[in-house]
Amino acid sequence: MPRKKPNIIVTGTPGVGKTTLCESLTLSTNLKHLAINGVVKERNCHHGWDEQLKSWIVDEDKLLDAIEDEVKQGGYLIDWHACDPFPESWIDLVVVLRSDSATLYDRLKSRNYSERKLQENLDAEIMEVSINEARDAFDAEIVIELLSNTTGDMEGNASRVELWMQQWKQQHGSEAAQEDRGSQAQILGEPSTRRASP
């Protein structure tokens, strides 16, 4: 059965603003925010805690089993630093957020990341790990890269995703096209599919 609402992955290095974007879109689009870090912890989708990295060692098979029934229905914003574990058939759009090194450093420092964890994440952003992973795992047509340095960037990114959703609903017909037409904000301009420079 076709999805009435799209599934969107919001990915990128920790600190680029994934959760901020998802929370904004949850309010404006009625999509549900699926924060994968929370799912991993709450549904026990891990092999234990990595003391050095201060993070859960994710069991990806268990994670996918835990969310499959929900996500296949559509209507989710999947918030995680990785996108390649998710089957392409589940996903309609992959948003890769990027930040410049100075902005990202300040955000990670404010989270009290260890120097090792901070440097690993800065290196991942500089080496474009997230965008390369997205391009390898998904069709290039559904992958967009957006800068997320300022409040203005974040607001613009939310507007672009909202407009994309309107277009998705029109293209997919169904009752979804009318479901929340009234609740969508008026969005000016065209969606950006151009790649942002880091």
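How exposed is Glu-120? Hold that thought for a moment while I set things up.

What we have is a predicted model, where local features need pLDDT of at least 70 and side-chain atom pairs count only at pLDDT 80 or more, while totals for chains, interfaces and linings use all residues. Residues are numbered from 1 along each chain as its sequence is written, and side-chain values use heavy atoms, with hydrogens and water left out.

Okay, back to Glu-120: it's partly exposed, at a relative accessible area of 37%. On that scale, buried means under 20% relative accessible area, exposed means over 50%, and partly exposed is in between (1.4 Å probe, protein chains only). Glu-120 has a salt bridge with Arg-116, at 3.1 Å from N to O. By salt bridge I mean a side-chain nitrogen of Lys or Arg within 4 Å of a carboxyl oxygen of Asp or Glu. The two sit 4 residues apart in helix α5 (residues 115-126), so about one helical turn separates them. Helices here are DSSP runs of H or I with at least four residues, strands are E runs of at least two, and both are numbered from the N terminus. Arg-116 is partly exposed too, at 41%.

Now, how many salt bridges turn up in the whole structure? The search finds 10. Take Glu-145 and Arg-98, whose closest N and O atoms are 2.6 Å apart. That pair links distant parts of the chain, with Glu-145 in strand β7 (residues 143-147) and Arg-98 in strand β6 (residues 93-98), 47 residues apart. Both Glu-145 and Arg-98 are buried. They also belong to a salt-bridge network with Glu-125, Glu-128 and Arg-135.
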